[in-house]
Amino acid sequence: MLDLIAAMRTEGPRQALNLWWQEMVDEYDRRESAEGILFALPYLIAFVGFMLFPLLYGFYMSLYDWDALNPEQSEFIGLGNYQTLVNDPRFWEALWNTVWFVILTVPPLVILALLLALGVNRNVKGQTLLRTIFFSPYILTVAVVSLIWVELFAGEGGFIRYWLGFVMEDPPRFLIDPTWAMVSIAVATVWWSIAFNFIILLAARQNVPDRLYEAAKLDGASSYRMMRDITIPQMRNPLIFVVIITFVGSFQVFGQPYIMTDGGPRFSTHTIVMYLYTTGFAGRDFGYAAAIGYVLFLILITVSVVNYYVLSENE
Amino acid sequence: MTMQGDSPTDEGSSRQYTDRPVRSRLNNRRRFLQGVGVTGAVGLAGCVGSLPGFGDDDEPEAGEEDLEGGVEVDEGDADVILRLDSLLTGGDGDPFEAMVEDFNAQSDNVAVEVTRVPWDEYYDQLFTAMTADEAPDIGFSHSSQIVPFLDNLTPLDDYVDYDPYVDQIVDSVEYEGQHYGAPLDTHMAAAYYNKEIYEEAGLDPEDPPSNWEEFAEANDAIVDAGYYAFDYGTGMHICRSWGGWLRSRGHEVIEGEEGNWEPNFNNEDGVAVTEPLREAVERDWTPTEDDNSWPSFVEGDFGAVVDGTWAWSRFREGGGEELDFDWGTYDLSLAPGKEEDWTMCDSHNLIVPQSDHSEEELEGIGEFFEYMTQERAVDWSAEAGHLAATTEALGSDELREREAWDYSLHTFQDIADNEELYYWPATQNTDEYSEAIYQSLEAVRYGQQDAQEALDEAEQRCRDIFS
Amino acid sequence: MSTKSFLNDIRNGETFENQDARNLFFRKIALYAGLYGAALLFIIPYLWMISRGFQPRWQLFAAEPYLIPREITFQWYSFLFEGTPIIRWTINTIIIAGGATLAVLLVDSMIAYSLTRLNWPGKRVVFSVIVASFMVPGIVNLIPVYQIIVELGLLNSYLGVMLPVIAGPIGVFMLVQFFKDFPDEIEESARIDGFSTFQIYTRLILPMMKSALTALGLFIFIWTWNAFLWPLILLQEESMYTLPIGLVVLQDTMTAQQPGLIMASALFASLPLFIVFLLLQKQLVEAVQMQGTVG
């Protein structure tokens with residue numbers, strides 16, 4: 001493409017286009033190209049229609065005071081929605097709640113998954129059984145997970161509160177206490193989502209060549225040193241992947257608070273995606289909701305990039 | 001397989017509630033979120049048939065068609081076929097649909113088809129259907145929920161005669177001189193109380209409390225008799241007593257008009273009506289969490305709970321949750337230091353969420369609306385339990401002869417007669433500001449904030465929402 | 001070395017003679033305690049779900065929770081099947097998840113084949129754009145995709161729920177990794193034998209890449225089966241709901257909590273995937289691990 005533009009400068013557009021076309025004809029078999037494009041087309045239509053175009057369309061919508069019932073009456077307001085967003089305390093509250101959720105879930109989801117993966121990888125009895133158990137929540141839907149944990153966290157007579165009652169006075173009222181509600185949702189989330197990380201890290205650990213450890217053992221290295229010098233560095237790429245994926249997933253939490261607490265108590269579990277959803281479909285403000293989506297997009301890109309650089313340079 | 005009723009242990013189970021701390025669970029979820037006077041609290045009894053465990057413990061009676069309810073119409077039955085999405089399920093959904101079928105039978109050229117939509121999703125779905133131009137010909141709207149739809153509703157003044165309705169009720173659907181809905185009823189919350197417990201506590205079951213002092217005295221007596229006495233509920237239910245109480249002390253919850261609403265509850269009167277929420281827990285009238293209050297009331301182990309007019313349709317014979325004790329209702333206007341009597345209410349209105357109907361269709365709609373809301377007002381009231389919206393029905397002997405009258409309707413009739421109807425202010429975002437308020441009120445009930453802190457926070461949130 | 005042999009060692013008075021052995025022993029104990037302790041915690045929610053669905057009302061509402069039912073009742077299940085449209089929701093979910101899976105497998109394998117085995121102008125750019133779209137979180141497109149679906153008249157339709165799934169890039173990327181490794185010689189000899197491009201795709205690539213396709217198919221099936229937010233927005237009628245939506249609506253439309261019914265519905269909704277999980281665990285593990293290698 002760049003060649004073409006350069007050629008246009010020197011040779012003039014017409015000539016350049018001719019040359020470019022000639023090159024194409026020389027380089028590509030016409031029939032094969034046609035077949036190639038034909039095979040790619042079905043996916044590309046879906047991809048453009050439901051991925052690329054919406055991405056642009058969403059930005060376009062975010063520049064309007066969008067009237068969902070009469071789109072033609074929407075009013076162009078430029079960056080107005082973004083301006084409102086910056087001054088919207090409810091947005092900041094939802095953002096903070098989400099960040100809190102991320103803080104509560106990402107470390108356990110990564111560290112526990114790593115520990116479980118390393119543990120199961122040891123030569124323990126019942127390896128398959130353990131793997132099955134830790135992996136199984138992966139197949140549950142968020143609806144089931146949330147409904148089960150609402151039951152477990154229930155008030156008097158609820159399972160967790162009941163047993164905690166034996167070790168402490170007045171156990172927290174998990175889902176109706178603003179301090180504990182998000183923690184409870186995080187616990188349910190860790191139980192549910194650790195499966196994915198666990199399986200990926202398990203595979204990663206199995207890919208570390210045994211000879212590295214054997215060599216280290218000969219040198220008399222402690223297991224802590226082996227972990228630090230062999231296991232972790234060898235698993236770096238999968239770990240980075242897991243960290244980024246977990247961050248991105250946690251930032252988009254919706255189903256658990258929607259079902260378990262509906263954003264309460266006192267909005268302490270009202271997350272950013274819930275805010276997007278309510279703004280769009282209960283508040284009927286599509287333009288604003290699209291703007292929230294875009295801001296979330298920017299946040300996620302930033303977080304991912306920062307994660308990537310911090311983790312890969314930390315040699 | 002052991003069915004519930006067969007088990008020896010089950011026999012005394014219902015009585016266990018009073019001896020042991022009752023299990024109560026979180027339930028401030030969407031149950032009451034969707035706005036004031038949501039009839040959907042009708043519950044599973046309505047939505048999915050009668051549920052095992054309430055009332056009769058023997059056989060689960062699964063109502064097979066209940067969730068699939070609705071009215072079907074064959075193409076060719078009538079010249080004009082109208083599609084109606086109903087948020088009424090179960091308890092009041094059945095009588096509604098029976099009336100629609102009567103209408104279809106007696107009308108020559110108009111037939112109405114009813115589809116049930118879960119009330120919980122109703123307004124979101126009405127909105128999404130409208131964005132897709134797939135709105136039904138006829139929809140439902142509570143008076144409190146109508147504002148966001150106004151631009152896309154058809155004004156009904158040319159097709160519906162508005163004279164027969166009670167003024168206060170009709171005012172709730174009037175905007176800029178035009179009427180956008182045909183009111184089916186008005187419904188409010190009341191205290192549903194167990195007369196047997198009243199007797200046991202040494203109270204006169206036929207003379208329920210009518211002011212704060214009597215109310216407090218009665219509740220204390222019930223607690224002394226070994227029962228929980230009264231539950232304000234959580235979620236939107238809290239607002240049902242609280243909102244009326246605030247009004248009784250001279251404040252509307254918010255003031256102003258669209259685009260310029262101001263919260264009006266963070267003041268001395270607001271605090272005075274908020275503190276009782278905690279007091280109820282401290283005086284043992286109410287368990288801290290509410291979840292088991294309602295089932296224990298049904299089981300006969302709870303003094304009184306707040307519920308809407310719709311409770312009748314469940315408690316009556318065949319409603320699925322028949323109470324096997326004598327019960328009654330009393331007006332919730334019990335605010336400490338009240339200056340006037342006010343009770344919070346709302347209405348079901350039939351609306352037309354599209355603008356592209358032919359004149360013939362509109363006339364059919366008008367005919368249907370008048371039939372449902374005027375001609376059948378007495379039946380609707382007596383079967384579904386809501387209070388009729390027409391003056392004639394309200395004054396009729398016919399209504400007084402129906403069974404529902406003695407249980408609940410007379411209470412509601414008094415409220416309407418005294419013009420105590422307080423409509424929760426309808427705004428562009430009624431759900432959002434209501435939620436901001438009740439989440440704070442819940443915090444008071446749970447003892448997490450004192451009344452003043454809670455109102456400060458709620459006020460700030462309301463301002464954020466309205467700005 | 002197993003715990004048992006350690007125990008024998010202790011009995012024989014042979015252990016702990018040196019520091020290392022003692023450390024090793026305690027470490028082993030800690031490892032087992034940690035792993036099996038965690039496993040126990042992990043299955044409690046399952047036990048709770050299963051057990052509560054079979055408990056009669058008096059146990060569900062008792063002040064102390066019963067993890068083990070004192071008596072068993074099937075009333076919640078019989079109510080679930082007779083009084084709710086759960087069967088209908090299951091059928092809907094199967095249609096949507098099955099349809100989306102087939103569509104993704106077809107469309108993704110076609111483009112992956114095209115990207116790896118065929119040469120055409122612009123394919124590098126196309127592939128880079130697809131890979132870059134990994135960075136787009138689904139939620140960003142929620143509102144615009146909704147608007148597009150509405151414009152297409154697909155609100156409240158199976159197709160509307162499926163289409164955005166098909167646009168996802170992960171399958172393309174996964175399959176490209178596998179198709180790349182397809183031996184050139186086989187393809188060349190097939191061409192010499194007169195196979196057309198289409199025949200190579202259907203007769204060689206698809207059968208030989210079965211394990212990759214199975215893994216992807218499993219992943220998409222589970223993903224769509226469990227999807228929550230998108231079907232919640234798009235599906236309008238009770239008779240159209242998928243299981244996850246139906247479950248939540250069931251819970252919400254009840255006046256009072258019915259834990260027995262809810263847990264019964266949760267168990268029923270999870271059962272199909274659980275069976276798939278037990279039967280195809282190996283492939284499923286592969287499916288997840290493939291995503292790990294993608295990253």
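Mentor: Before we start, helices (H or I, at least four residues) and strands (E, at least two) are DSSP runs, numbered from the N terminus. This is a predicted model, in which local features need pLDDT of at least 70, side-chain atom pairs count only at pLDDT 80 or more, and totals for chains, interfaces and linings use all residues. Residues are numbered from 1 along each chain as its sequence is written, while chains are lettered from A and ligands numbered from 1 in the order in which they are written.

Trainee: In which loop is Pro265(A) found?

Mentor: Most peptide bonds are trans. The bond from Gly264(A) to Pro265(A), however, is cis, with omega near -15°. As for its place, Pro265(A) is in the loop of chain A between α13 (255-260) and α14 (272-282).

Trainee: Does Phe267(A) count as buried or exposed?

Mentor: Most residues other than glycine have a negative phi. Phe267(A), which is placed in the loop between α13 and α14 of chain A, has a positive phi, near 65°. A residue is buried if 20 or more other C-beta atoms, placed from the backbone, lie within 10 Å of its own, exposed if 12 or fewer, and partly exposed in between. Because Phe267(A) has 23 C-beta neighbours inside 10 Å, this residue counts as buried.

Trainee: What does Asp284(B) count as, given its C-beta neighbours inside 10 Å?

Mentor: Asp284(B) lies in the loop between α9 (268-282) and α10 (293-298) of chain B, and its phi is positive, near 65°. Since it has 15 C-beta neighbours inside 10 Å, Asp284(B) counts as partly exposed.
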